[in-house]
Amino acid sequence: MSSFAVPLRQIVLCIAVSSLAAGSALAQMPKLFTAGSGPDELWDVTMKMEMPGMPMAMPPRTSQVCKKKAAGNEALMKGDPNCRMSNVRTAGNKTSFVFTCTGEHAMTGEGEITATGDTFDSRMHLKSTAKGQEFEMTQTSTGKRVGQCTDTSQQAIAEIKAQAEGNKAQACAEMMARLEPEGFIGAQAPCATSRKAYCDKVASIASTGRTPAGYRAATGQAPAQTLERAFAACGQDYAAMRQGACAAGVASRDWAFVANGSCDDDVRVAGDANCKGRSFTGMDRGIAPLCSRYASLVRGQRAPADVASAQPAPAAAAQPANPLESGVNAVRKLLPF
Amino acid sequence: MIARAGARMALIAALVATCGGAGDAAAQPLDDPFPGVARGYVVAVDGVARWGFAADTPLAPASLTKLMTALVVVEAKRAALERDDVTVSSRAAAAGGARLGLRAGEAMRAGDLLTAMLLRSANDACVALAEWTGGSEHAFVARMNARAAALGLADTHFVNACGFDAPGQQASARDLATLVHAFMAESTLAARARIESAVVRTRGGRSMRVANTNALLGRVPGVIGAKTGYTSRAGRCLAVVAERKGVRVVAVLLGAGDRWWDAAAMIERAFDAAR
């Protein structure tokens, strides 16, 4: 391989990193170099890509690239191990080559570059396949050395890695807080290393959730459907916890809890005992949530006989028989309230 | 012969026009999971009618009328409600049915009259507010009908301000559900509708406690208002609003057999359905 291929490859790699840095997804990426002074070379690079068949040409993009002053050609050649350059020919300032990349992003192509110490001009043409369809792409670049710089890309990469680790830790903590089993259970789970801690937490909830307060706390952390999946993933019995909490709610007459929609079997039994046949307006307010829930279970979509059994006594039965008062009531009935 | 054919054509045209006039909303049948609970009812979740029976049938609305009365008063007299006193006319003082017991010539802050009208359904307060706002009850009723038209309440018409039975005093359950949304959108009305009891005072110093006739308040979790009604023709009526976890349920029952239990059941079931 010609030694001329080294700066070419370095610049191409720099262009790739620089292009990534320009992407909006990496808008907060640490700076890759400082311009103005330093041991490395600052280049203005303009790149243009063309794909046959694309309805609109992509505009050329100019960026600054800091090319590290190479310690040695061997070090710079530690590029993508899946790519090989071959048939490298040099004539004067011009070098041509063929390259082949294997692996996930397999491609073939050829290119040429004309370079002096302070400028370059390159063209690469590649062929690849994406989603079963072949495509071709031509990339042309021009570059001009414009000054000095200090390459800080290694520090930037270290910062990015640390940031990614931090983001992952934060995401796992949030999934733990929300009890989402997808984060912890399964070979592809992103936080699989915390599986034990996750299931320990679920087991703790299974233990404390057998009281109304515990059940409220659990369903305050995550929706019931998420809890059910979490319990199933960690081998806990969600139904047993719910039934325990409902029974405790009935025993402590925590009707607001019993009426929350999770204890309808208990509502039917407790409602038969405490609500059936009662006047709504005469009912103690403390028991009203239970009776409202009970009403929703026994009224509607039912046979008329069931209605009667759940109806409170008609108000008219409680009216006095006093003829004067009856007359007043008769008049009142003509008037709105 | 030609005249008869012309009359037949006119009749057919009238029938077509009438059928078309029933409207798209009326053409949509609603599920009725509570058969026989009321002459007409509707249950809406987040503004969409889910269940109902005879939801578009005009029926006597009794004091649910006062939802519109209150809306028109607030929209016309917003700035004056907590500032102006209203002097009770002899006509207002003579209003029957549920009442505060105001005397002709007595004055009360308009906001207090509004509270009494909404909580106790006081008809003397209602007439006083209508006269204060419209100049006369008759003129005020015209405003109510204009507001109903603006809301698109095609099956609603008022001939008095307070809901007394009268030919032409009518509203459908679906229209009233729409009206409830407009009513609750007025913060001063929504705030009053959820009060369980309040004390109102005349300028002369008489104070009266008024209890809210809406028995669902404080009993059914999430209930935040609206209004009850009863007349011999309308039967027991109720419009109620409940909110839980950002979901709003409105139930309107006209001519209900057992409005409290059935409304409680409807509200619970509606929230279940919205989960």
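**Entry 1: a pair to start from.** I began with A:Ser128 and looked up its bridge partner in β7(A), which is A:Phe135. I keep in mind that this is a predicted model.

**Entry 2: the turn.** Next I followed the chain between β6(A) and β7(A), which form a hairpin with two residues between them. In that turn I noted A:Lys131, whose phi is positive, at about 50 degrees. I then checked how the two strands pair: β6 (residues 119-130) of chain A runs antiparallel to β7(A), and 12 bridges join them.

**Entry 3: the other neighbour of β7(A).** Which strand do 14 bridges join to β7 (residues 133-151) of chain A? I found strand β1 (residues 33-50) of chain A, and these two run antiparallel. As an example I picked A:Asp40, whose bridge partner in β7(A) is A:Cys149.

**Entry 4: from β6(A) to β5(A).** I went back to β6(A) and looked at its pairing with strand β5 (residues 107-115) of chain A, which is antiparallel over nine bridges. Here A:Ala115 has A:Phe120 as its bridge partner in β6(A).

**Entry 5: the whole sheet.** In what order do the seven strands of chain A lie? I read it as β2-β1-β7-β6-β5-β4-β3, an open sheet with antiparallel pairing. At the edges I found β2 (61-67) and β3 (83-91) of chain A, each pairing on one side only. I also noted the twist, which averages 20 degrees from one strand to the next.

**Entry 6: a reminder for viewing.** I jotted down that side chains in a regular strand alternate between the two faces of the sheet.

Terms used:
Residues are numbered from 1 along each chain as its sequence is written. Chains are lettered from A and ligands numbered from 1 in the order in which they are written. This is a predicted model: local features need pLDDT of at least 70, side-chain atom pairs count only at pLDDT 80 or more; totals for chains, interfaces and linings use all residues. Side-chain values use heavy atoms; hydrogens and water are left out. Two strands pair if DSSP finds at least two bridges between them. Helices (H or I, at least four residues) and strands (E, at least two) are DSSP runs, numbered from the N terminus. Axes are lines fitted to C-alpha atoms, for helices over the stretch in contact, and angles run from 0 to 180 degrees between N-to-C directions.
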